[in-house]
Number of protein chains: 2
Amino acid sequence: MDTRLRAGEVVTALPEGQDAALQFIGRIHTPWTRREDCPRQGRLDGPECRIVVFAPWVAALEGIEAYQHLEILYWLDRSRRDLVRQNPKGDGARYFGTFALRSPQRPNPIGTSQVRLIGVDGAALVVRGLDCLDGTPLVDIKPDRCEFTPKAPPKAADLG
Amino acid sequence: MDTRLRAGEVVTALPEGQDAALQFIGRIHTPWTRREDCPRQGRLDGPECRIVVFAPWVAALEGIEAYQHLEILYWLDRSRRDLVRQNPKGDGARYFGTFALRSPQRPNPIGTSQVRLIGVDGAALVVRGLDCLDGTPLVDIKPDRCEFTPKAPPKAADLG
């Protein structure tokens, strides 16, 4: 990992412990093998990518073909996690707090993308819309919230 | 945690190890103190909630006021993580794979919501659109992708 800082960037001391543990549930295959080749943002008309789900979770795909759009969460495993203030252009001129950016450098480096589901191929989903490196670990797959309706009846707090 | 299964629900054996560690970066305050009171989905016209960022990360809010909509990631700390197939209505009639649901029960129980930013109050964001319990641990804050434009120039893969 590149730990060099740009002028004016600010880091914080990371805690020693951890608060929760993730398990990777699959792996994402994309055309991009170098960070500098990844798009800055995914596009729904971007290239086809494959999300391969590990064996214990393949049955959890049941019914997913009903959705055209999914939300994908993945682990940006090459990111530094201590940056508080960043200089995205590397020009030393303009800074942003980490939470005002979608940069991969963040305390919990989880990327989220909305993707279009092209098809289900056994343990793999074929999708468009990702922006991550080939080999990125998969953290979650959900129906996109724009399209999803809860499968149980509304509760009081759901009603206006 | 309630570990009872409904008829027809399926679990998998969870791995013993872990693949990545999360650090909580704040805490979310909502009006809902019991799971049964939480809405099934957040609404942009729902009640005001407060997202309080822990001290090391307050400076990372710099510039966030430029966004009307944020994406919030949080840890659903009361969820079981081994459910592969679920019966949301509890009626024993209709089942869905976990990845075809936005249920809190999932291998990596991370909730995501799109929220409207009402205001910044020191270390706290006032927002509408959440659906989680009072006290839920905060994992990430990002500008919502609908509104965010990368701050560095496009790369080849960003161009059509």
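A:A21 stands opposite B:A21 in β2(B). This is a predicted model, in which local features need pLDDT of at least 70 and side-chain atom pairs count only at pLDDT 80 or more, while totals for chains, interfaces and linings use all residues. Residues are numbered from 1 along each chain as its sequence is written, chains are lettered from A and ligands numbered from 1 in the order in which they are written, and side-chain values use heavy atoms, with hydrogens and water left out.

Trainee: Let's start there: over how many bridges do β2(A) and β2 of chain B pair?
Mentor: Strands here are DSSP runs (E, at least two residues; helices are H or I, at least four), numbered from the N terminus. Two of them pair if DSSP finds at least two bridges between them. β2(A) and β2 of chain B (residues 20-22) run in the antiparallel sense, and the number of bridges is 3.

Trainee: How many residues of chain B are in contact with chain A?
Mentor: Contact means heavy atoms within 4.5 Å. The same surface serves both copies, as 100% of the contact residues of chain A recur in chain B. Chain A brings 74 residues, and the number for chain B is 74.

Trainee: What area is buried between chain A and chain B?
Mentor: Buried area is the accessible area (1.4 Å probe) that two parts lose on being put together, summed over both. Carbon and sulfur atoms give 56% of it here, and the total is about 6900 Å².

Trainee: And which residues of chain A lose the most area to chain B?
Mentor: Three residues together make up 13% of what that side buries. They are A:R40, A:F99 and A:R102.

Trainee: Which residue of chain B meets A:R102 in a salt bridge?
Mentor: A salt bridge is a side-chain nitrogen of Lys or Arg within 4 Å of a carboxyl oxygen of Asp or Glu. The count between chain A and chain B is 6. For A:R102 the N to O distance is 2.7 Å, and the partner is B:E71.

Trainee: How many nonpolar residues are on the side of chain A that touches chain B?
Mentor: Elements that give two or more residues to this side include β5 (69-75), β8 (110-121) and β10 (136-143) of chain A. Ala, Val, Leu, Ile, Met, Phe, Trp, Tyr, Cys and Pro count as nonpolar, Asp, Glu, Lys and Arg as charged, and the others, Gly among them, as polar. Alongside 13 polar and 21 charged residues, the nonpolar number is 40.

Trainee: What are the edge strands in the open sheet of chain B?
Mentor: In chain B, 3 strands form an open antiparallel sheet in the order β1-β6-β7. An edge strand here pairs on one side only, and the two are β1 (10-11) and β7 (96-97) of chain B.
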